[in-house]
Structure formats: C-alpha cells, structure tokens
Amino acid sequence: MAKKPDPEIAEFEAALLRSAKQAARGQYARVHKPDDIVRRRGRPVGSTVATRKSATTIRLDEEILTAFKATGQGWQTRINNALRDWLKTHRLT
C-alpha cells in the first residue's frame, strides 16, 4: 500500500515541474545578481527577544563543544540554558 505523499513535497514537485515547463518554453525566472541581494550584519529581523545577549569568546573542552554541536541548530542556546540552570543552584563568590 502506497503512502500518501507529504503535502510539502507534493507542492515542491509541482513547482519544480512548472519551472521545468517554463524553461522548456524559454521562460526563465529572474536571476538575482550579488548586487541585488542586500545583506545586513547581525541577527535576522524578528529574531530579537526581550533579554539581550552579548557576544563573547569562551574556551570549552572539545568533548563538551562536540556534544552540544551534535544536538543540531540551537546548540549555543542550549549551552546558555545549561549555564542558567547551573546558576540557580550555585552561588558566585
């Protein structure tokens, strides 16, 4: 019994077929040149939160860094949360 295709995949395939048909007719999509693409420094728009974060350099054991990076995107946030949890149970003197 065949599975139903994922709606996103079906939409992607349909768009790909439309593009192929347009290319066969000589109709091409607009090409963006590097000068057309505006890139701004810093965080993407809309990604700010109420509490600001500061960029810093920190040295971590390679095994710690590797373990957090292996968890995928958002590993820096997970390190931040781990340190926040540690501060809840420890006093800095």
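This is a short tour of the predicted model above, one selection at a time.

**Before you start**

The model is predicted, so local features are described only at pLDDT of at least 70 and side-chain atom pairs only at pLDDT 80 or more, while totals for chains, interfaces and linings use all residues. Residues are numbered from 1 along each chain as its sequence is written, and side-chain values use heavy atoms, with hydrogens and water left out.

**Stop 1: the whole chain**

Show everything as a cartoon. You will find three helices and zero strands, in the order α-α-α from the N terminus. Here helices (H or I, at least four residues) and strands (E, at least two) are DSSP runs, numbered from the N terminus.

Now colour by pLDDT, the predictor's confidence in each residue, from 0 to 100. The chain averages 82, and 80% of the residues score at least 70. Which helix has the highest confidence? Helix 2 does, at a mean of 95, whereas helix 1 is lowest at 86. Where pLDDT is low, the predicted coordinates should not be read in detail.

Next, show the surface. Its accessible area is about 10,000 Å², with 55% belonging to carbon and sulfur atoms; such areas come from the Shrake-Rupley method with a 1.4 Å probe, and for residues only the protein chains shown count as cover. Of the 93 residues, 1% are buried. Buried means under 20% relative accessible area, exposed means over 50%, and partly exposed is in between (1.4 Å probe, protein chains only).

**Stop 2: helix 1**

Select residues 7–24, which make up helix 1. Zero of its 18 residues are buried, so helix 1 lies largely in the open. At its start, look for Asp6: a side-chain oxygen there reaches to within 2.9 Å of the backbone nitrogen of Glu8. Just after helix 1, click on Gly26, which takes a positive phi of about 90°.

**Stop 3: a nonpolar patch**

Select Ile58, Leu60 and Ile64. Together they form a nonpolar patch on the surface with about 250 Å² of accessible area. A patch is made of residues with over 30% relative accessible area and no salt bridge, with like charges joined within 9 Å and nonpolar side chains (Val, Leu, Ile, Met, Phe, Trp, Tyr) within 5 Å. Leu60 sits in the loop between helix 1 and helix 2 (62–69), and is partly exposed at 34% relative accessibility.

**Stop 4: Thr71**

Move on to the loop between helix 2 and helix 3, where Thr71 is found. What does the side chain of Thr71 make a polar contact with? Its partner is the side chain of Arg78, at 2.7 Å. A polar contact is a pair of N or O atoms within 3.5 Å; within protein, one must be able to donate a hydrogen and the other to accept it, and residues adjacent in sequence count only if both atoms are side-chain atoms. Thr71 is partly exposed, at 46%.

**Stop 5: the salt bridge**

Finish in helix 3 (residues 75–89) by selecting Lys88 and Asp85. They form a salt bridge, with their closest N and O atoms 3.7 Å apart; the term means a side-chain nitrogen of Lys or Arg within 4 Å of a carboxyl oxygen of Asp or Glu. A search of the whole structure finds one salt bridge. Because Lys88 and Asp85 are three residues apart in the helix, about one helical turn separates them. Lys88 is exposed at 63%, and Asp85 is partly exposed at 45%.
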